[in-house]
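Keep the structure open as you read.

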Amino acid sequence: MKTLVIGASENPERYSNKAIHALVSHNHEVVAIGLRPGEVAGVTFDAEKKAFENIDTVTLYVGPQNQPDYYNYILNLKPRRVIFNPGTENPEFISTLQKSGIYPEIACTLVLLATGQFE
């Protein structure tokens with residue numbers, strides 16, 4: 001089960017950084033995209049929208065105003081679900097995902113992992 005973190009950051013204060021650490025520590029396979037190149041917990045990333053294969057979950061750490069750049073990219077990856085972390089909720093994109101058969105989940109990746117609900 002592969003998870004794509006969109007909005008990855010090397011800044012340890014950022015929730016995307018904490019999420020990558022938590023996903024790795026829970027033995028999840030993680031790939032990531034950031035605004036600039038970096039590395040967190042052994043996960044190397046850059047800004048390129050790579051054609052990753054077998055993405056189960058996309059977890060968003062970019063605000064609604066910056067999400068349109070990722071709509072087609074995410075839809076083409078055909079993930080099972082997209083997690084909208086706090087502050088990333090976007091009714092327009094949620095509707096688009098639902099119409100494409102992708103489950104939008106309004107949740108916090110860190111909480112899902114901590115409570116054993118990240119499946």
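Phe84 and Phe93 are both buried, where buried means under 20% relative accessible area, exposed over 50% and partly exposed in between (1.4 Å probe, protein chains only). Tyr71 is buried as well. Keep in mind that this is a predicted model, in which local features need pLDDT of at least 70, side-chain atom pairs count only at pLDDT 80 or more, and totals for chains, interfaces and linings use all residues. Residues are numbered from 1 along each chain as its sequence is written, and side-chain values use heavy atoms, with hydrogens and water left out.

Now for the rings. The structure holds two aromatic pairs; rings of Phe, Tyr and Trp (its six-membered ring) pair if their centres lie within 6.5 Å, and planes under 30 degrees apart count as stacked, over 60 as edge-to-face and the rest as tilted. Tyr71 and Phe93 have ring centres 4.3 Å apart and planes at 10 degrees, so this pair is stacked. Since Tyr71 is in helix 2 (residues 71-77) and Phe93 in helix 3 (residues 91-99), the pair ties together parts that are 22 residues apart in sequence. Helices here are DSSP runs (H or I, at least four residues), numbered from the N terminus. For Phe84 and Phe93, the centres are 6.0 Å apart and the planes at 75 degrees, so that pair is edge-to-face. Put together, ring pairs link Tyr71, Phe84 and Phe93 into a cluster.

Lys49 lies over the face of Tyr70, at 4.9 Å from the ring centre, and the charged end of Arg81 sits over the ring of Phe118, 4.5 Å from its centre. To qualify, NZ of Lys or CZ of Arg must be within 6 Å of the ring centre and within 35 degrees of the ring normal.

Next, take a look at Val24, in helix 1 (residues 15-25). Val24 is partly exposed, with a relative accessible area of 30%. Leaving aside neighbours within four places in sequence, Val24 is in contact (heavy atoms within 4.5 Å) with Val30, Ala41 and Val43. The C-alpha atoms of Val24 and Ala41 are separated by 7.1 Å, though these residues are 17 apart along the chain.

Methods. Helices (H or I, at least four residues) and strands (E, at least two) are DSSP runs, numbered from the N terminus.
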